[in-house]
Amino acid sequence: MSDFLVLKVMAKLLIPFILLFGFYVQMHGDYGPGGGFQAGVIIAAAFILYAIVFDVKTARRAAPMAVLISIACVGVLLYAGVGVANLIYGGRFLEYGVLAHEAAQGNHIGILIVEIGVGMTVAAVMMVIFFSFARRR
Amino acid sequence: MGTVARQGARQGRRAIDLTLNIILLIFVTATGIAAVWLRNLLASTMVLGIYSLLMAALWVVLDAVDVAFTEAAVGAGVTTVLMLLAIALTGHKEKRSRTKPWLPLAVSFATAGLLIYATLGMPAFGIADAPAQLHVAPYYLERGQTETGVPNVVTAVLASYRGFDTLGEVTVIFTAGMGVLVLLGGATRRQRRVPAPAEEDSA
Amino acid sequence: MILDILSWISIAIGAFFVLVSGVGVWRMPDLFTRMHPAGLTDSTGAGFLLLGLLLQSDDWLVSVKLVLIFIFLLFTSPVATHALAHAALLDGLKPWVRSRDKARDKDGEP
């Protein structure tokens, strides 16, 4: 019987659902409240909950700092990359309409990719800040 | 019969709206003052969490559900944890300042007075023919779904019509993360030795 | 109409429990006794309020979401109370005992 048994069992039960809800909010930003920022924070909160209830070392093994920094960079690059891709396809910067045959489709695709980029960056940055603070103890 | 009942319902709804707004604003002001007044930083952090929750409720009453979602997730969730971590690294109590801040207080009150006086010249909150409601807002509401294919107007405005601003926001968040890394030195894999007790500052 | 009356009664009971919880937190002497009324908000208060809202919903999807909210509240709120009490015990806070606190006995009960 370890200490904090109740907390550990509950965290093990709840963390998958928190991650699932985070992905749900990310993907349903088009049809309801949600989007990249909220989803990033919720996913980061799941990892932070794990790091608080169990130990920080195991959480860092699950999400190493190099991977987190890479994900943050890839998120911003994805967003700006969509803008540059619009330039390549002949439109203006961040004018998503040229990504598909009709403007509405292109806009929808552009918004989806951009929100994924935002979600990735926000989640990675929240986790980077948490692990930077938690490391100094 | 129908119009009288409908008007009665509208009066009732407005009265409940007004009561909710007044109660929430009183509590928001009280928690704001309490967060500044308390000297114990842990209690201050908890009060700021309550403040974020009340602000999220205010946003819901104003029908801004996306903003309420973000405020609840960020303010009452992650920010409280990060502030607790920062307090664990530094100290629990706020230091007493030597001088009384009378001049900054006077400047704050003067600025607040000027701002309140300036809002008297703006159109009333939420009336239908304010310039803010006539120019771009009807355009976004009418053409948002057909032009972007996304039913949620907030996401359409955020990611498509104002996509450049959101790119700036994401860059700011990224820069904040990198700034924390540079300041706290978490990027390298170098294992720091546990600091000697003489080196640890007072908790 | 029946559904409206039932949901009114349910929401009123839920609001009453939340009020009782607030008064309890104010009146109780120390942390551990205060957590009992504070837990009332999340279990009975939220339960009756959600039941009242459940009776008003038109769509079965909204009803399922309300039930799920209640289940998640039932899972997380007692754990939060337990964590708080555990942290207070680990920090060294002792529960309030009446005989140790003679100065605060206002009612004069034995």
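Reader: How many of the 18 residues of H2(A) are buried?
Author: 14 of the 18 are buried, so H2(A) is largely enclosed by the rest of the structure. Buried means that 20 or more other C-beta atoms lie within 10 Å of the residue's own; exposed means 12 or fewer, partly exposed is in between, and C-beta atoms are placed from the backbone. Helices (H or I, at least four residues) and strands (E, at least two) are DSSP runs, numbered from the N terminus.

Reader: What sort of model is this, and which pLDDT limits apply?
Author: It is a predicted model: local features need pLDDT of at least 70, side-chain atom pairs count only at pLDDT 80 or more, and totals for chains, interfaces and linings use all residues. Residues are numbered from 1 along each chain as its sequence is written, while chains are lettered from A and ligands numbered from 1 in the order in which they are written.

Reader: Back to H2 of chain A. How far apart are its end C-alpha atoms?
Author: They are 26 Å apart. The expected span is 1.5 Å times one less than the number of residues.

Reader: What does A:Val41 touch?
Author: Beyond its neighbours within four places in sequence, A:Val41 is in contact with A:Val122 and A:Met126, plus B:Ala73, B:Val74, B:Gly77 and B:Val78. Contact means C-beta atoms, placed from the backbone, within 7 Å.

Reader: Which residues have the most contacts inside the largest nonpolar core?
Author: A:Val41 is one of them, and others include A:Val125, A:Met127 and A:Phe130. The core has 50 residues. A nonpolar core is a set of buried Ala, Val, Leu, Ile, Met, Phe, Trp, Tyr and Cys residues joined through C-beta atoms within 7 Å.

Reader: Which helix supplies the largest share of this core?
Author: H5(A), with 16 residues. Domain 1 (1–94) and domain 2 (131–189) of chain B each give at least three. Those bounds come from an automatic or database domain assignment.

Reader: How far apart are the centres of those two domains of chain B?
Author: 23 Å, taken over C-alpha atoms.

Reader: What is the secondary structure of chain B?
Author: Eight helices and zero strands. Buried residues make up 17% of its 203 residues.

Reader: What do the buried residues of H4(A) pack against?
Author: H5 of chain A together with H8 of chain B. Among those buried residues are A:Leu68, A:Tyr79 and A:Asn86. Just after H4(A), A:Gly90 takes a positive phi of about 110 degrees.

Reader: Where in chain B does pLDDT stay under 50?
Author: Over residues 198–203, for which the model has two contacts beyond four places in sequence. pLDDT is the predictor's confidence in each residue, from 0 to 100. Where it is low, the predicted coordinates should not be read in detail. The mean for chain B is 83, and 90% of its residues reach 70 or more.
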